[in-house]
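Colleague: Can you walk me through the packing in this one? I'd like to start with the core and then go to the rings.

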Amino acid sequence: MAFEPPRRLVRTLSETYGESVAGEWLAQLPGIAQEAVERRELTVERVVAPGGGSSLVVLVRRPDGAPAALKVVPPFAAPEPERAALTHWKGWGSVELISGSDGALLLERLHSETSLRSLPEAKALLEAAGTVRKLWVEPVADHGFETVAERTVRQADAMRAATDPQVAPLVTAALDARAELLAAGPAELMLLHGAFRQGKVLSGDRAPWLAVGPVPVVGERAYDLARLVRDRVEDLVAAASGASATRRRVNKLADSLDIDRERLRGWTLFRAVESGVRALEAGRRQDAELLLEFADWL
């Protein structure tokens, strides 16, 4: 079978890591995927499309006929932290890891076509809150995961280098919010999903909803919840009551998960501006405008 990378994967890897780095790995991907399949004696059904933006996902059958999913991750996307996090969670709130080595993760088969985004908004947020709550556990003492402070310092440096002067006030506000949050010190050090949102929660057979695709980080829960706040941002921006609805969502999610409202608001601001600046620099102006308008409401 030809392991053709979906267009979303090609675009996202090129934007994130550069066309040269991404292109070299993508050229080798068919051979890498074929070797991973043969090593595990898997039967290939199909490549998941449009799939994700950081890996190739292939639906497969194990030697005993059991369904599974093979996720092939480029080495520059750091597959080891994801493997370590899934190992730590042991399927509690997350997809179950069957085996993982050499940048290829063999995972429990979920229903990739059905995420929380298929539900009405209120129901989706309720299920998302219940799922992410399970993931927030203490890491082991020598966990080796990146911390929120370490991750965001790199992001802050990139934000300061933004070339569009119109975003400067929001960048300043976001950087100030980050500085205040870190100066106060994290209230907790928990293992976080790192990229949690409705699209990262898929329907399963073992449990109704399970999280996939972590970019694990250790820090406070408010950081993890901040990305969920802006889910369906296009609907929020299109609504006449978008600004007030956004503030209500911050308060509702914070209260439902016993998180400080202001800390959630601060991290939501930082993460929205960071994503907006990144989209702008990548030439995705429409995405950037949505994110930055959302951030301005905070």
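Modeller: A term first: a nonpolar core here is a set of buried Ala, Val, Leu, Ile, Met, Phe, Trp, Tyr and Cys residues joined through side-chain atoms within 4.5 Å. Keep in mind that this is a predicted model.

Colleague: Fine. Which residues touch the most other members of the largest nonpolar core?

Modeller: Leu225, Leu264 and Val273 do, in a core of 70 residues. Helix 10 gives the most to this core, namely 9 residues.

Colleague: What does valine 273 touch?

Modeller: Leaving out residues up to four places away in sequence, valine 273 contacts Met159, Leu170, Val171, Ala174, Leu292 and Ala295.

Colleague: And which residues does the second, separate core include?

Modeller: Val47, Leu56, Val58 and Val72 are among them; that core has 20 residues.

Colleague: Now the rings. How many aromatic pairs does a search of the whole structure find?

Modeller: The search finds 4. One of them is tyrosine 17 with phenylalanine 76, at 4.8 Å centre to centre and 55° between the planes, a tilted pair.

Colleague: Where do those two lie?

Modeller: Tyrosine 17 is in helix 1 (residues 7–17), and phenylalanine 76 is in the loop between strand 3 (67–72) and helix 3 (79–89), so the pair ties together parts that are 59 residues apart in sequence.

Colleague: Which residues form one aromatic cluster?

Modeller: Tyr17, Trp25 and Phe76.

Colleague: What about tyrosine 223 and tryptophan 267, and why is that pair called edge-to-face?

Modeller: Their ring centres are 5.3 Å apart and the planes are at 85°. Planes over 60 degrees apart count as edge-to-face, which is why the pair gets that label.

Colleague: Which helices do they come from?

Modeller: Tyrosine 223 belongs to helix 7 (residues 221–229) and tryptophan 267 to helix 10 (residues 261–281), so this pair ties together parts that are 44 residues apart in sequence. Tyrosine 223 is buried at 1% relative accessible area, and tryptophan 267 is buried at 1% as well.

Colleague: Last topic, charges over rings. What lies over the face of tyrosine 223?

Modeller: Arginine 271 does, 4.2 Å from the ring centre. Elsewhere, lysine 134 lies over the face of tryptophan 92, at 5.1 Å from the ring centre.

Conventions: Residues are numbered from 1 along each chain as its sequence is written. This is a predicted model: local features need pLDDT of at least 70, side-chain atom pairs count only at pLDDT 80 or more; totals for chains, interfaces and linings use all residues. Side-chain values use heavy atoms; hydrogens and water are left out. Rings of Phe, Tyr and Trp (its six-membered ring) pair if their centres lie within 6.5 Å; planes under 30 degrees apart count as stacked, over 60 as edge-to-face and the rest as tilted. Helices (H or I, at least four residues) and strands (E, at least two) are DSSP runs, numbered from the N terminus. Buried means under 20% relative accessible area, exposed over 50%, partly exposed in between (1.4 Å probe, protein chains only). A charge sits over a ring if NZ of Lys or CZ of Arg is within 6 Å of the ring centre and within 35 degrees of the ring normal. Contact means heavy atoms within 4.5 Å.
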